Amino acid sequence: LGDVYKRQVYKRQFIMSKNITDAFEIPTDEEWDRYLSTNIFDKMMIDSNIIKCSDDMNSKMVFTKILSVIQAHNNKVESIKISYALARHYFDKGIPDDEWFVSPGINGSSVQYMPHFNDEHYLIRYWYCFFMEDLYSKVQSMGDTLYLFINEFYEFGIEEGLGFVKKVLNKLKTTNPSLYDFLNNSHKDENYIKASNFRNNIIHGISPNEIKDEIVIQRNVETDIMKKDANGNFIKQNVKASLQITSRVGDYVTSKELLKSLEKFADYMGDIILNSISIIAKDEFVVKI
C-alpha cells in the first residue's frame, strides 16, 4: 500500500506544480500535412455518387435530406482526422511507457511505475490521452451515423433514442436481409471487441491508459495462510476468508498499444461502412407515398 500511496501523492504534487494548459501545443504545418493525409479513415466516408434515387420529383426532393445525412457523416470523418493529427503529434514526441513498471524499483520500492518518465512525459501523455479518448468515442459513433443513414434511406421512421440501432436492424430483416446479416455479424471481430471495451472504459469507467486495479478485494474466498503447528513449524493451511485484500502491479494499456488498437478499430469500422454502402447501393431510393 505504501508504494501505491507514494505514487498517488507524487501524481497530485506533479499536477499542482505544472500547468497543463502551458503544455498544450499544435502540430507544425509539416505534421498537419503528414497526419491529415493518412488513409486510415477513408473507408468510413460515404460516396453519395453511388447512392441511387428514383427520377420522380417527390423522391428527388426527399433525397436531399439523405444527402445531408451523408454530408454530416463525412464531416465527422474529417473531424476524426483532426483528433488523430493532434493525438499523433503528442505520441510522436515520445511517451516511454513500453516498460511501465519495474520490480524492484530503482528507488528501492517493491514496484516503480513509469521508470523512464520525467515531468515532461506526464504532460505529453496527458494531452495524448485527451485526444485518444476523443478518437475512440468518435470512431465508435461512425456506426451510429451509418444506422441514421439506413433509417433515412429506407424510410423506417424510427426516432433516435434508446434501442435505435436494434430497431433499425429488426426492420432490415425483411427490408434488406443481406444487409441485416452483414451488420448483425459485424461486431464479432476480435479487434472490434477489444477497441469497444477500451471505448467503454473511457466513457463509463477508467481510461485504459491509467494504472488501475492495484488493490484487489475479495470476499468469502478460500486462501492459504501460514500457521505454526504444535512443533513451532510453519505450515500452509487452507481457510475461508470473509475478506481478502491483496496488492498487485495493476492493469495498464501502453500508449503504443492504445494507438495500434485505435487504428485497427478505425480500419475495421471503415470495412463495415464500406461494405454496408455497397449493399445499399444495389437499391434505389423511392419515397413512400
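Is Glu-155 buried, partly exposed or exposed? Glu-155 comes out as partly exposed, because its relative accessible area is 23%, where buried means under 20%, exposed means over 50% and partly exposed is in between (1.4 Å probe, protein chains only). Before going on, a word on the source: this is a predicted model, in which local features need pLDDT of at least 70 and side-chain atom pairs count only at pLDDT 80 or more, while totals for chains, interfaces and linings use all residues. Residues are numbered from 1 along each chain as its sequence is written, and side-chain values use heavy atoms, with hydrogens and water left out.

**The overall picture**

The chain has 8 helices and 8 strands; these are DSSP runs numbered from the N terminus, with helices being H or I of at least four residues and strands being E of at least two. Of the 289 residues in the chain, 42% are buried. Take contacts (heavy atoms within 4.5 Å) between residues at least 6 apart in sequence: 73% of them join residues at least 24 apart.

**The core**

In general, nonpolar side chains tend to be buried together in soluble globular proteins. Here the largest nonpolar core has 75 residues; such a core is a set of buried Ala, Val, Leu, Ile, Met, Phe, Trp, Tyr and Cys residues joined through side-chain atoms within 4.5 Å. Met-44, Phe-149, Ile-150 and Leu-172 have the most contacts inside this core. At least two core residues come from each of helix 2 (29-36), helix 3, helix 4 (119-153), helix 5 (164-175), helix 6 (177-184), helix 7 (190-204) and helix 8. Helix 4 gives the most, with 17 residues. As for Ile-150, if you set aside neighbours within four places in sequence, Ile-150 touches Phe-156, Val-168, Leu-172, Leu-179, Leu-183 and Ile-280.

Axes are lines fitted to C-alpha atoms, over the stretch in contact for helices, and angles run from 0 to 180 degrees between N-to-C directions.

| Helix pair | Angle | Axis separation |
|---|---|---|
| Helix 2 and helix 3 | about 125° | 9 Å |
| Helix 3 and helix 4 | roughly 165° | within 9 Å |
| Helix 3 (residues 57-91) and helix 8 (residues 255-280) | about 165° | 12 Å |

On the angle scale, under 35 degrees counts as roughly parallel, over 145 as roughly antiparallel, 65 to 115 as roughly perpendicular and the rest as oblique. So helix 2 is oblique to helix 3, helix 3 is roughly antiparallel to helix 4, and helix 3 is also roughly antiparallel to helix 8.

For handedness, a crossing is left-handed if the near helix is turned anticlockwise from the far one by less than a right angle, and right-handed if clockwise. Helix 2 passes helix 3 in a right-handed crossing, while the crossing of helix 3 and helix 4 is left-handed, as is that of helix 3 and helix 8.

The helix 2 side of its contact with helix 3 is Glu-31, Trp-32, Tyr-35 and Leu-36, and the residues across from them include Tyr-84, Ala-85 and Arg-88. By class, that contact has 7 nonpolar, 1 polar and 3 charged residues, where Ala, Val, Leu, Ile, Met, Phe, Trp, Tyr, Cys and Pro count as nonpolar, Asp, Glu, Lys and Arg as charged, and the others, Gly among them, as polar. Against helix 8, helix 3 uses His-73, Tyr-84, Arg-88 and Phe-91, which meet Ser-255, Lys-256, Leu-259, Glu-263 and Ile-273. This contact divides into 4 nonpolar, 2 polar and 3 charged residues. The contact with helix 4 has 22 nonpolar, 5 polar and 5 charged.

Ala-87 lies in helix 3 and is buried, with 0% relative accessible area. Beyond four places in sequence, Ala-87 is in contact with Tyr-128, Phe-131, Met-132 and Leu-135. The C-alpha atoms of Ala-87 and Tyr-128 are separated by 5.0 Å, although the two residues are 41 apart along the chain.

Most residues other than glycine have a negative phi, and most peptide bonds are trans. Glu-155, in the loop between helix 4 and helix 5, has a positive phi near 50°. Met-114 has a positive phi of about 50° too; Met-114 sits in the loop between strand 3 and helix 4 and is buried at 5% relative accessible area. The peptide bond from Ser-103 to Pro-104 is cis, with omega near 0°, and Pro-104 lies in the loop between strand 2 (101-102) and strand 3 (112-113).
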